[in-house]
Amino acid sequence: TKLLTLSPLGSMLNVLCSSKNKELPQKIGDYVLESNFHKLGTKNNYLLGIYKNSKNQKAFAKMWSGRFKDLNYYSLKNEIQVSQTLNSVIKRSRKLLPKSLKKMGIPAVISFQEKDGCLTFLTEYVEGELATSLSTNRKIDLYFKTVEFLKFLGSRLTPMADDSAGRQRPS
């Protein structure tokens, strides 16, 4: 109930008291900002960007900014935790994956940091096709393959990881 109370309150306070950090950092570790990225749709709760390192590897950044922690903050915090947990399970179980799921994966977590009213999450950049360009049958096939993949990962969670995945609580 604390999260349900604080999240809407945090959102309202963030609207009233604008945050000073409205831009992605120019550099995160070895990665340098290449371009800002704009999400399709009406919700723009995060700043998004594409970064590149000295080895020409791309990364995707997602940043929450605000003076008061709200639902968007906790959602990103949860996304980081779930990504770390699932990547850990994939690394530990890669050899056990059924052949049909060997090419499935989740972008690797490069880094995350929280400072000065910002929570920034940097992940591996993965090239792909837009779902809107796929046939209906291909979308359905990918959907069921994704469900099978996540079901496999869920069966490989350790009790500790299973308990911590997706349970971010306000501090």
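Biologist: Which strands does helix H2 lie across, and at about what angle does the helix run to S6?

Modeller: This is a predicted model, in which local features need pLDDT of at least 70, side-chain atom pairs count only at pLDDT 80 or more, and totals for chains, interfaces and linings use all residues. Residues are numbered from 1 along each chain as its sequence is written, and side-chain values use heavy atoms, leaving out hydrogens and water. Helices (H or I, at least four residues) and strands (E, at least two) are DSSP runs, numbered from the N terminus. Helix H2, residues 71–93, lies across S4, S5 and S6, and its angle to S6 is about 30°.

Biologist: Which strands stand at the edges of the sheet?

Modeller: The open sheet has six strands in the order S1-S2-S3-S4-S6-S5, with antiparallel pairing. Two strands pair if DSSP finds at least two bridges between them. One side of each edge strand is left without a neighbour in the sheet, because each has a single partner strand; these are S1 (27–28) and S5.

Biologist: Which residue of S2 stands opposite Ile-28?

Modeller: S1 and S2 (residues 31–37) pair in the antiparallel sense over two bridges. The residue in S2 opposite Ile-28 is Tyr-31.

Biologist: What is the phi of Asn-56, and what is that of Asp-116?

Modeller: Most residues other than glycine have a negative phi. Asn-56 lies in the loop between S3 (47–52) and S4 (58–65), and Asp-116 in the loop between S5 (109–115) and S6 (118–124). Phi is positive in both non-glycine residues: near 65° for Asn-56 and about 50° for Asp-116.

Technical notes
Contact = heavy atoms within 4.5 Å. Axes fitted to C-alpha atoms, helices over the stretch in contact; angles between N-to-C directions.
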